[in-house]
Amino acid sequence: MLRVSSMYSMKKSRFCRKTSSSKKRDGISALPDEIIIHILSFLTPKDAAITSLLSRRWRNLWTFIPNLNFNVNHMARPDPLMRRRAFVRMVSNVLSLHSGQNINKFWICYELDCRSARYIDKWISFAIERKVENLILDLTEEQEIDVDPEMYTFPCFFFSDEKALSSIKYLRIAGCILHLPPCFNNLKSLVELSLTYVMVTENELNKLLSGCLLLERFSVGNVPKLVNLKVSGPSLRLRYLEVSDCRSLDNIEIWAANLVSFIYRGRKVNFSLNCVPQLEDAIIDIYDSTFDYVANICDHLAFNAPQLKSLGLRIVPLEVNTSLTVFPRLVNLKVLTLLVHESYDTALWYLLRASPFLQLLQVKFLWRIKSPLRTGGCKNIFSGYGTAFTHEFLKEVHMFGFRSRLDDIEFARYLLKNATALNILVIDPFIRYLDGWVEKENKATRKARDEARRLLKEAPANVHLLIL
């Protein structure tokens, strides 16, 4: 009897030691509530709520998280069969249980429309009451903005609520109708604004921009009613501007003394960059460009933004104006990125000549599906001008979509011969297509690598040739 009792005592002693050691190893539970809540804020509300099952102490901690991310694309193991009602019910239930006094980020990303307006209005009111700083409302998934008569209308009370006007710093609206109330004054704290697939008039957009005195970043895309975009103001702090795929847009006028970065993607428009003394980075991706248009853009940038350091352009097969004898020079340009449609073009040579102090060149070839591998133009372009110009400062070149064409080989030879300071030449044989697809490893990529390796024999000793 005594032996059994002693064995029981020994087992109990071992169990107690294991339990105490496991408690010591549970470092997270030993942390203060504030730190645990901060850790939980990186989870979606659905995942954070699961932690309430861990222990009594964890039961309500998730209800204080300051970041509420209801983006179904970011949720762990999202249910593909989740319907609209289920999503609305989930969000409403989480908000009814939330106990925090302040919210840093509130993100709704799901395909919703005016049928869910009363719920969305309540969610936005909830966020405003808790002085939200980052508000993202993205209702665009699978939504056709031009034909959908049931788009959700962003609530006017947001722009007249003093709490929203004073607390909101980041605002992203997508897939909504936007109307400003007559009493709209300004968004006092707004630093970043993004509008995508939004039905808004020019006057209301201009009124909104003029009321954002602290705005530093603004992006607008797929706004069908936008014809003339004017970004100006003597006290405008705007440093980043992006405009993309506004099909009705004809004119862009910019007076922004603090603008550093500008991105435009879309069809040809009239640019007027009148006051951009700090502009250093520009991407102008024109889908229907011409040689004269590219030359005019460079001329405009050379005159109005002489301090430009980085430029991205799209080059489609262009007909060159042979009467053009002087191409505008970009004397401070250090980085040039070119999207080239399928074949080399004379515009590429002009752009290299116009950038005498270029240090980094990236050439990305874009192809249509089943396009023929055109060839023959580069030898005429670069071989004919092979000794006419030396790129004394060009140190690094990236060629994406390099094939075993004569054009690719001649262009690489031109760089190896004329870029006297070249240190790195990166050759990527994989083709990028216009629809965004990148080809996989195949016979053509292996053949392109073999051709690239033959260039090693012609490369100077100081050039590192990297073949991907």
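## Salt bridges in a predicted model

E280 is partly exposed, with 33% relative accessible area (buried means under 20%, exposed over 50%, partly exposed in between, using a 1.4 Å probe and protein chains only). This is a predicted model, where local features need pLDDT of at least 70, side-chain atom pairs count only at pLDDT 80 or more, and totals for chains, interfaces and linings use all residues. Residues are numbered from 1 along each chain as its sequence is written, and side-chain values use heavy atoms, leaving out hydrogens and water.

**Confidence**
- The protein has a mean pLDDT of 78 (the predictor's confidence in each residue, from 0 to 100), and 78% of its residues reach 70 or more.
- Over residues 1–24, pLDDT stays under 50, and the model has 0 contacts there beyond four places in sequence (contact means heavy atoms within 4.5 Å).

- The whole structure holds 14 salt bridges (a side-chain nitrogen of Lys or Arg within 4 Å of a carboxyl oxygen of Asp or Glu).
- E280 pairs with K309 in a salt bridge, at 4.0 Å from N to O.
- This pair links distant parts of the chain, 29 residues apart: E280 is in the loop between β12 and β13, and K309 in the loop between α8 and β14 (helices, H or I, at least four residues, and strands, E, at least two, are DSSP runs numbered from the N terminus).
- K309 is partly exposed too, at 41%.

- D450 and R453 form a salt bridge of 3.0 Å, N to O.
- Both lie in helix α12, 3 residues apart, about one turn of the helix.
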